[in-house]
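Subject: Model handover

Hello,

Please find the model below. My notes on it follow.

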Amino acid sequence: MLKPKFKGLFIDISEFSILAARTSSLNPPMVVEEIAELPLQGASNDSESVRSFFEQLVDFKGNSFFVAHCGVYPEGRFVRYYEAESTSKVKDPKFLSNIVQTEFNIDVDANHVAILDARNGDDIDLAKVTTKRLVFCGGPKTKFQAEQGKLLNFGIYPERLELSTMTTIGGVSDYAKYMGVTGPILSFELTSESANIAIINKGEVDVARPVPFGLDSIYPLLQRELGLKDEASAKKLFFSNTFDFAEMGPKLLRRMTKELQAITGFYEVQTGQTIEHVFMSVLPKNLNWVAKTVSDTLGLEIVQVSIESWLEHLDIRLADGVEVLNLGSRWVGLFSLMSDFSGEGGKSGE
């Protein structure tokens, strides 16, 4: 039995934490009535304890499920930019399917694949294609099913299940236009196994590609540097609040920053435009030093989102007592779920 939609519930669930917000409805105009976070990294959270977390936000009233809009980060997710030779090529479904398989080595049968207009995030309509600039995004069907099953075990029925990587890109695009940021922004999503990079310029996606390594690649180096007994100990220290990584950060992230420098350098030479801003999503607050290290190494300014004014721009207000001043960029994914950026920045739902 589903809980009637008298209230809205929005959830962004990553490997690091669950971010959630109760709202007055599921669509703007709305009021954010309460926000909450449940850290997951290093914690043992069974279905009952997570459901209890949600029960503090919404009233299930004996119902099995509460309807929500959810953003997830499934393993194997992908966001790829591609520019076709012509719009006529884009109108051919066989051509598009071939690109996914040959250019990106993605099995179209095993994966959910959405094709978006890189200029604004709209779904591509093959009957009236007006662009040759595309973004392919999605992930393994089994991984999306696993994320959905996880939510159902928590008592959450995902009326919308969105790829948070794209939802966040849509939010960053909209925020940049709202703030009048005219230059390109490097958007960097870093998780354990991989990283996704996008370059957003004037609300359009110019670059979207993966980095085939993530945080897991750091732990062996950290283990060696500090003489720790194993990688598990290194990972535990990495996520703790007991060690200052400011000095060691550049060395730990050298491989990643070199990759970012190569991508941004090629983009700047190709386009003649200079990237001046970087946005980092998802990482928990105790890893803020990662964004600082990346920004210092690349000489970029971190995008600091003024969440309250941006939400007002989206016709979303905050209830008395809801404080967003110090939330940080990792919350942009959650708040981006509350608005439809189609035609304005783009986001994709599954």
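How are α9 and α10 oriented to each other? They are oblique to each other, because angles under 35 degrees count as roughly parallel, over 145 as roughly antiparallel, 65 to 115 as roughly perpendicular and the rest as oblique. The axes of helix α9 (residues 254–271) and helix α10 (residues 288–298) come within 10 Å and cross at roughly 50 degrees. Axes here are lines fitted to C-alpha atoms, for helices over the stretch in contact, with angles from 0 to 180 degrees between N-to-C directions. Helices (H or I, at least four residues) and strands (E, at least two) are DSSP runs numbered from the N terminus.

This is a predicted model, in which local features need pLDDT of at least 70 and side-chain atom pairs count only at pLDDT 80 or more, while totals for chains, interfaces and linings use all residues. Residues are numbered from 1 along each chain as its sequence is written, and side-chain values use heavy atoms, with hydrogens and water left out.

On the α9 side, Thr257, Leu260, Gln261 and Thr264 meet Val294, Thr297 and Leu298 of α10 (contact means heavy atoms within 4.5 Å). The residues of this contact are 3 nonpolar, 4 polar and no charged. Ala, Val, Leu, Ile, Met, Phe, Trp, Tyr, Cys and Pro count as nonpolar, Asp, Glu, Lys and Arg as charged, and the others, Gly among them, as polar.

Tyr219, Pro220, Leu222, Gln223 and Leu226 of α6 make the contact with Glu231, Ala234, Lys235, Leu237 and Phe238 of α7. That set divides into 7 nonpolar, 1 polar and 2 charged.

Next, the sheet. Three strands form an open sheet in the order β6-β8-β7, with antiparallel pairing (two strands pair if DSSP finds at least two bridges between them). At the edges are β6 (78–83) and β7 (111–117), each pairing on one side only. Between β6 and β8 (residues 133–140) there are 6 bridges, and Phe78 stands opposite Gly138 in β8. Helix α4 (residues 141–153) lies across β7 and β8, at about 65 degrees to β8. Helix α5 (residues 164–179) also packs on the sheet, touching β6, β7 and β8.

Overall, the chain has 12 helices and 15 strands. Its C-alpha atoms fill a box of roughly 60 × 55 × 40 Å along the principal axes.

Regards
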